[in-house]
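Subject: Structure for you to look at

Hello,

I am passing on a structure that you have not worked with before.

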Amino acid sequence: MAVDTDTDADGTYCETPGPIAPAPPGDAAEGPPYAECVLCREPTEYPESTKGATLCPVCAWQEAGRTACSG
């Protein structure tokens with residue numbers, strides 16, 4: 001008996017996921033001045049008043065890759 005691997009019982013196996021939810025309001029700054037990235041000094045998406053180490057999207061992505069399990 002052959003098993004159909006293209007779909008599951010309810011037909012959602014290959015279904016495309018919905019759109020990604022936008023970031024909650026208040027996380028990104030409304031306008032300048034933006035905080036500097038602690039690694040490359042480029043402006044981030046966050047206001048200067050943000051506490052902690054702020055990273056620009058590029059450095060955040062690279063940092064996530066560095067800290068991911070390399071199993």
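Two residues are in contact when they have heavy atoms within 4.5 Å of each other. Counting contacts in the chain between residues at least 6 apart in sequence, 2% join residues at least 24 apart.

Some ground rules come next. This is a predicted model, in which local features need pLDDT of at least 70 and side-chain atom pairs count only at pLDDT 80 or more, while totals for chains, interfaces and linings use all residues. Residues are numbered from 1 along each chain as its sequence is written, and side-chain values use heavy atoms, with hydrogens and water left out.

Overall picture

The pLDDT is the predictor's confidence in each residue, on a scale from 0 to 100. Its mean over the chain is 76, and 54% of the residues reach 70 or more. The chain has one helix and two strands, which follow the pattern β-β-α along the sequence. Helices (H or I, at least four residues) and strands (E, at least two) are DSSP runs, numbered from the N terminus. Strand S1 covers residues 34–36 and has the highest mean pLDDT among the elements, 94, whereas S2 has the lowest, 92.

The accessible surface of the chain comes to about 6200 Å², and carbon and sulfur atoms account for 58% of that. Areas of this kind come from the Shrake-Rupley method with a 1.4 Å probe; for residues, only the protein chains shown count as cover. A residue is called buried under 20% relative accessible area, exposed over 50%, and partly exposed in between (1.4 Å probe, protein chains only). Of the 71 residues in the chain, 10% are buried.

Thr44 and Thr54

Thr44 is part of strand S2, residues 43–47. Its relative accessibility is 6%, so Thr44 counts as buried. Beyond its neighbours within four places in sequence, Thr44 is in contact with Tyr34, Ala35, Glu36, Cys37, Thr54, Leu55 and Cys56. A polar atom of the Thr44 side chain also lies 3.1 Å from the backbone nitrogen of Tyr46; a polar contact is a pair of N or O atoms within 3.5 Å, where within protein one must be able to donate a hydrogen and the other to accept it, and residues adjacent in sequence count only if both atoms are side-chain atoms. Pro57 is 13 residues from Thr44 in sequence, and the two C-alpha atoms are 7.2 Å apart.

Thr54 sits in the loop between S2 and helix H1 (57–67). Thr54 is buried too, with a relative accessible area of 7%. Leaving out residues up to four places away in sequence, Thr54 touches Ala35, Glu36, Cys37, Val38, Thr44 and Tyr46.

Glu48

Is Glu48 buried or exposed? Glu48 has 53% relative accessibility and therefore counts as exposed. Glu48 lies in the loop between S2 and H1. Glu48 and Ala35 are 13 residues apart along the chain, with 4.1 Å between their C-alpha atoms. Pro33, Tyr34 and Ala35 are the residues that Glu48 touches, not counting those up to four places away in sequence.

Cysteines

How many disulfides are there? A disulfide is a pair of cysteine sulfur atoms within 2.5 Å, and by this rule the count is zero. Cys37 is in no disulfide, and the nearest cysteine sulfur, that of Cys59, is 3.7 Å away. Cys37 is buried, at 0% relative accessible area. Cys40 is in no disulfide either; for Cys40 the nearest cysteine sulfur belongs to Cys56, 3.7 Å away. Cys40 is partly exposed, with a relative accessible area of 33%.

Salt bridges

The structure holds two salt bridges, each being a side-chain nitrogen of Lys or Arg within 4 Å of a carboxyl oxygen of Asp or Glu. One joins the side chains of Arg41 and Glu36, at 3.0 Å from N to O. Arg41 counts as exposed at 58% relative accessibility, while Glu36 is partly exposed at 44%.

The side chains of Glu63 and Arg66 also meet in a salt bridge, at 2.7 Å from N to O. Because Glu63 and Arg66 are three residues apart in helix H1, about one helical turn separates them. Glu63 is partly exposed, with a relative accessible area of 31%.

Regards
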